[in-house]
Amino acid sequence: MNRQSGERPRGGALILTVLLILLLIGAVFTVVMVLDALERPAPAGAGCRVDDGDRTFALSAEQAGSAALIVAVGAGRDLPERALTIAVATAMQESSLRNLDHGDRDSLGLFQQRPSQGWGSPEQVQDPRYAAGLFYDRLVEVPDYLEVPLTEAAQAVQRSAFPDLYAQHEPLAAALTDALTGASPRALSCHLPEDRTPAAGDEHPRFTALLDRDQPDAVISSALGGEIRLEAGSERAAWALGQWAVATAAETGVESVQVSSLRWERAGGGWEQVGPARRETPSGLETGAVIVR
């Protein structure tokens, strides 16, 4: 039977419609994956920021805390700052610096490591310190990882389906690394809500527990009246320790951090001029100190 004029084969139209829907679903999924990995602005009135001298990056307190841990693990291994930057940028792309309990297939944690691919058990890859350490273990095995572009070094470890996306996070990662290693004083700050957890003595147990985990070489010279004094070997080391304390304050409940003559307070958010936080050494040279309240 002849078809009427203008009538199209129904089967072809149906196939075309299905293909267009599948393409649309794939495009939406890709966009969601990419946007989820991009830096998220801090909530209004709360969150953290880091300044590289040319621009300011906003991030959540959770992201700042994750970056502090990643940098602390790398610095504890005496790795070059470039390695720390690669690690932070990688975690920013993979999880937006969040310790995720889900991901593509069986990917989990800060670095979206897959237990089925030999990264460890699900519990291990969701332990941020383990995940960061294993990332560094594999990164240092990449030939010339300090010289090649960041995205190449990260991809050699991660084997991502989106290898070119790591590079976009390099400026933020470099700014966080500079702040958390003390190379950029007063570059990182957070505006945080009041901590309502009841105090437990003078030693801030949440803070000291995290200090033991991330900064095992830190020296507590006194803890009295809710104030902890930490001695650092240099002004840069003091700024590294002080900005780590700020980045982790949402978790520890710390109310203020003072480095040299500058103090950060969680309600204010920025670093303000106050009296000096220094102590004379026996040799007469001044050593940077950090006061935490």
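Helices (H or I, at least four residues) and strands (E, at least two) are taken as DSSP runs and numbered from the N terminus. The structure is a predicted model, in which local features need pLDDT of at least 70 and side-chain atom pairs count only at pLDDT 80 or more, whereas totals for chains, interfaces and linings use all residues. Residues are numbered from 1 along each chain as its sequence is written, and side-chain values use heavy atoms, with hydrogens and water left out.

Ala-61 is found in helix H2. Its C-alpha atom is separated by 8.1 Å from that of Ala-46, 15 residues apart along the chain. With neighbours within four places in sequence left aside, Ala-61 is in contact (heavy atoms within 4.5 Å) with Gly-47, Cys-48, Leu-192, Ala-247 and Ala-250.

Helix H7 spans residues 170-180, and its buried residues are Leu-172, Ala-173, Ala-175, Leu-176, Thr-177, Ala-179 and Leu-180; buried denotes under 20% relative accessible area, exposed over 50%, and partly exposed the range in between (1.4 Å probe, protein chains only). These buried residues of H7 pack against strands E1 (47-51), E2 (56-59) and E3 (188-191), and against helices H2 (61-76), H3 (81-95) and H9 (235-247). Gly-182, which follows H7, has a positive phi near 85°.

Positive phi values in residues other than glycine occur at two loop positions. Asp-78, with phi near 60°, lies in the loop between H2 and H3 and counts as exposed because its relative accessibility is 72%. Leu-97, also with phi near 60°, lies in the loop between H3 and helix H4 (122-125); Leu-97 is buried because its relative accessible area is 1%.

Asp-214, in helix H8 (residues 205-214), is buried because its relative accessibility is 3%. The side chains of Asp-214 and Trp-244 are joined by a polar contact of 3.1 Å. Beyond four places in sequence, Asp-214 is in contact with Leu-69, Ala-72, Arg-129 and Trp-244. Glu-227 belongs to strand E5 (residues 227-231) and is partly exposed because its relative accessible area is 25%. The side chain of Glu-227 makes a polar contact of 3.1 Å with that of Arg-293.

The lining of the second largest pocket comprises 22 residues, of which Ala-75, Gly-76, Gln-215, Asp-217 and Ala-240 lie nearest its centre. On a 1 Å grid over the protein atoms alone, a pocket is an open set of points where a 1.4 Å probe fits, with protein on both sides within 12 Å along at least five of seven lines, and lining residues have an atom within 4 Å of a point. H2 and H9 each supply at least two lining residues, and H2 provides the largest share, five residues.

Technical notes: Polar contact = N/O pair within 3.5 Å; in protein donor to acceptor, adjacent residues only side chain to side chain.
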